[in-house]
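Okay, thanks for coming, everyone. I've got one model to walk through today, so let me put it up and we'll go through some of its parts together.

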Amino acid sequence: MRNYDLEFLKKFSMVIGFLMLVTLGLIVAAMFVHSQIPAEINPDVAKRTEQRIAPVGAVYAGSTGAAAQQAATAAAAAKAASQVAYGGTTDGSVIFNNLCTGCHTSGAGGAPTLDKAHWADRLPKGADTLHKHAIEGFTGTAGVMPPKGGNPALTDEQVIATVDWMLANLK
């Protein structure tokens with residue numbers, strides 16, 4: 001090797017070494033800057049947080065407020081109507097088999113089963129009282145009947161149809 005070749009290799013090695021040091025410095029600087037930037041928030045998480053901390057109610061004032069309140073009430077009623085349980089059926093057997101059978105078959109919580117002996121104290125009160133207790137709920141000495149069997153999506157007509165079906169199927 002000649003002298004000028006050795007001189008070239010020496011200077012070239014120094015340039016490569018310098019560029020490697022600059023590269024490592026840039027990598028360390030990028031890692032530091034990246035650690036200082038706050039993490040990006042998932043839009044779904046932000047949406048859930050906004051829903052969780054949103055106010056429960058709203059204030060309506062004046063004629064505009066009254067119109068907004070009526071619109072909100074109408075929207076809530078429409079939403080409730082669209083979410084009627086069991087497709088709005090008034091077939092008592094369907095509702096009983098899907099909802100009521102859990103307690104009224106096993107007698108859980110003091111619920112009367114479908115034999116007349118368990119209904120002896122209840123039948124003299126009349127069907128209207130039984131309908132009222134099934135719709136509004138009832139706490140007696142023998143147990144508790146939750147309002148609408150624990151499913152607020154049931155309509156009063158569905159509850160009445162189910163009670164009538166139960167009374168018709170007592171053994």
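Let's start in a loop: K148 sits between β2 (144–145) and α7. Helices here are DSSP runs of H or I with at least four residues, strands are E runs of at least two, and both are numbered from the N terminus.

Quick housekeeping. This is a predicted model, where local features need pLDDT of at least 70 and side-chain atom pairs count only at pLDDT 80 or more, while totals for chains, interfaces and linings use all residues. Residues are numbered from 1 along each chain as its sequence is written, and side-chain values use heavy atoms, leaving out hydrogens and water.

Now, α7 itself. It has 13 residues and spans 18 Å from first C-alpha to last, close to the 18 Å expected at 1.5 Å a residue; the expected span is 1.5 Å times one less than the number of residues. Its buried residues are Q158, V159, A161, T162, V163 and M166. Buried means under 20% relative accessible area, exposed is over 50%, and partly exposed is in between, with a 1.4 Å probe and protein chains only. What do the buried residues of α7 pack against? They pack against α4 (92–104), α5 (116–119) and α6, with contact meaning heavy atoms within 4.5 Å.

Take α6 next. Helix α6 (residues 127–136) packs on α7 (residues 156–168) at about 125°, with the axes 9 Å apart. Those axes are lines fitted to C-alpha atoms, for helices over the stretch in contact, and angles run from 0 to 180 degrees between N-to-C directions. The two helices are therefore oblique to each other: under 35 degrees would be roughly parallel, over 145 roughly antiparallel, 65 to 115 roughly perpendicular, and the rest is oblique. On the α6 side the contact uses A127, L130, H131, A134 and I135, and on the α7 side D156, V159, I160, V163, D164 and L167. By class that's 8 nonpolar, 1 polar and 2 charged residues. Nonpolar is Ala, Val, Leu, Ile, Met, Phe, Trp, Tyr, Cys and Pro, charged is Asp, Glu, Lys and Arg, and the others, Gly among them, are polar.

Have a look at H131 in α6. Buried or exposed? H131 is buried, at 11% relative accessible area, and it touches I160, V163 and D164, leaving aside residues up to four places away in sequence. L130, H133, A134 and I135 of α6 are buried as well. The cover over the buried residues of α6 includes α5, β1 (138–139), β2 and α7. Just after α6, G137 takes a positive phi of about 95°.

On to α4. Its axis comes within 9 Å of the α7 axis, and the two cross at roughly 75°, so α4 and α7 are roughly perpendicular. Here α4 brings G92, S93, I95, F96, C100 and H104, and α7 brings Q158, A161, T162, W165 and M166. That contact splits into 6 nonpolar, 5 polar and no charged residues.

Last stop, the other end of the numbering. A39, in the loop between α1 (3–36) and α2 (43–53), is exposed at 68% relative accessible area. L19, in helix α1, counts as partly exposed at 46%.
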